[in-house]
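Subject: Structure for your review

Dear colleague,

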Amino acid sequence: MDLDTLRRFFQLSPFMRDLGAEPTAVSPGRVTAVLPMQDRFRQHSGHAHAGVQTTLADHAMGSAAQTLVAEGHWVLTADLKVSLLRPADGERLVCEAWVVKPGRTLSFTEAEVWAEREGDRTLVLKASATMAVVPYDRR
């Protein structure tokens, strides 16, 4: 999967499109994606909402797994674990996701989300997910 194909894949998800998340790098089993911060992504304390951070990590992990599956298959999240390490403050969130172990029916993935401000990055989230590989069914 090349970067243009991955960008089209992100656009297939109305939620990711609405958030404005964009992939910036891809290689087999690895994806990097960014999300510019907007006020609507903040919680009452002003920090990035945990749900926004988790969404970015989940979609990036799924996309990383998608780079390794056979034609005619999608990946769907079967299990997701998130650890929020510190409040996320910054101009954008950057997620790096990778496949730990690919499989025919299940793939194991991990991700890190960084809050970036003026080029400085702070690790704010670690995640892992099990992705189920399912036949593509376009109903």
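Please note that the model is a predicted one.

Salt bridges

E96 forms a salt bridge with R121, and the closest N and O atoms are 3.0 Å apart. Because E96 lies in strand β4 and R121 in strand β6, this pair ties together parts that are 25 residues apart in sequence. R121 is partly exposed as well, with a relative accessible area of 36%. Both residues belong to a network of salt bridges that links R92, E96, E116 and R121.

The count of salt bridges comes to seven. One of them joins R40 to D18, with 3.5 Å between the closest N and O atoms. Here R40 sits in the loop between β2 and α3 while D18 sits in helix α2, so the bridge ties together parts 22 residues apart in sequence. R40 has a relative accessible area of 49% and is partly exposed; D18, at 48% relative accessibility, is also partly exposed.

Another salt bridge pairs D4 with R7, whose closest N and O atoms are 3.6 Å apart. The two residues are three places apart in helix α1, and therefore about one helical turn separates them. In an α-helix, which has 3.6 residues a turn, residues three or four places apart point the same way. D4 counts as partly exposed at 47% relative accessibility, as does R7 at 33%.

In soluble globular proteins, nonpolar side chains tend to be buried together.

Helix α3 is itself largely enclosed by the rest of the structure, because 14 of its 17 residues are buried. At 1.5 Å a residue, its 17 residues should span 24 Å, and this agrees with the 24 Å between its end C-alpha atoms. Leaving out residues up to four places away in sequence, M61 touches L80, A97, T109, E110, A111, A127, S128, A129 and M131.

Aromatic pairs

Two aromatic pairs are found in the whole structure. In one, the ring centres of F9 and W74 are 5.7 Å apart and the planes lie at 35°, so the pair is tilted. It links distant parts of the chain, as F9 is in helix α1 and W74 in strand β3 (residues 73–84), 65 residues apart. F9 is buried at 14% relative accessibility, whereas W74 is partly exposed at 26%.

The other pair, W74 and Y136, is tilted too, at 4.8 Å centre to centre and 55° between the planes. Y136 belongs to the segment after β6 and W74 to strand β3, so this pair ties together parts that are 62 residues apart in sequence. The relative accessible area of Y136 is 33%, which makes it partly exposed. F9, W74 and Y136 form one aromatic cluster.

E112 lies in strand β5 (residues 106–117) and is buried, with a relative accessible area of 16%. Its side chain makes a polar contact of 2.8 Å with the side chain of K126. Not counting residues up to four places away in sequence, E112 touches V94, C95, E96, W98, L123, L125 and K126.

T130 is placed in strand β6 (residues 120–135) and counts as buried at 14% relative accessibility.

E118 occupies the loop between β5 and β6 and is exposed, with a relative accessible area of 68%. Its phi is near 50°, a positive value in a residue other than glycine. Most residues other than glycine have a negative phi.

D2 is found in the segment before α1 and is partly exposed, with a relative accessible area of 43%. The side chain of D2 makes a polar contact with that of T5 at 2.7 Å. D2 and T67 are 65 residues apart in sequence, with 9.0 Å between their C-alpha atoms.

Yours sincerely

Definitions and conventions:
Residues are numbered from 1 along each chain as its sequence is written. This is a predicted model: local features need pLDDT of at least 70, side-chain atom pairs count only at pLDDT 80 or more; totals for chains, interfaces and linings use all residues. Side-chain values use heavy atoms; hydrogens and water are left out. Helices (H or I, at least four residues) and strands (E, at least two) are DSSP runs, numbered from the N terminus. Buried means under 20% relative accessible area, exposed over 50%, partly exposed in between (1.4 Å probe, protein chains only). A polar contact is a pair of N or O atoms within 3.5 Å; within protein, one must be able to donate a hydrogen and the other to accept it, and residues adjacent in sequence count only if both atoms are side-chain atoms. Contact means heavy atoms within 4.5 Å. The expected span of a helix is 1.5 Å times one less than its number of residues. Rings of Phe, Tyr and Trp (its six-membered ring) pair if their centres lie within 6.5 Å; planes under 30 degrees apart count as stacked, over 60 as edge-to-face and the rest as tilted. A salt bridge is a side-chain nitrogen of Lys or Arg within 4 Å of a carboxyl oxygen of Asp or Glu.
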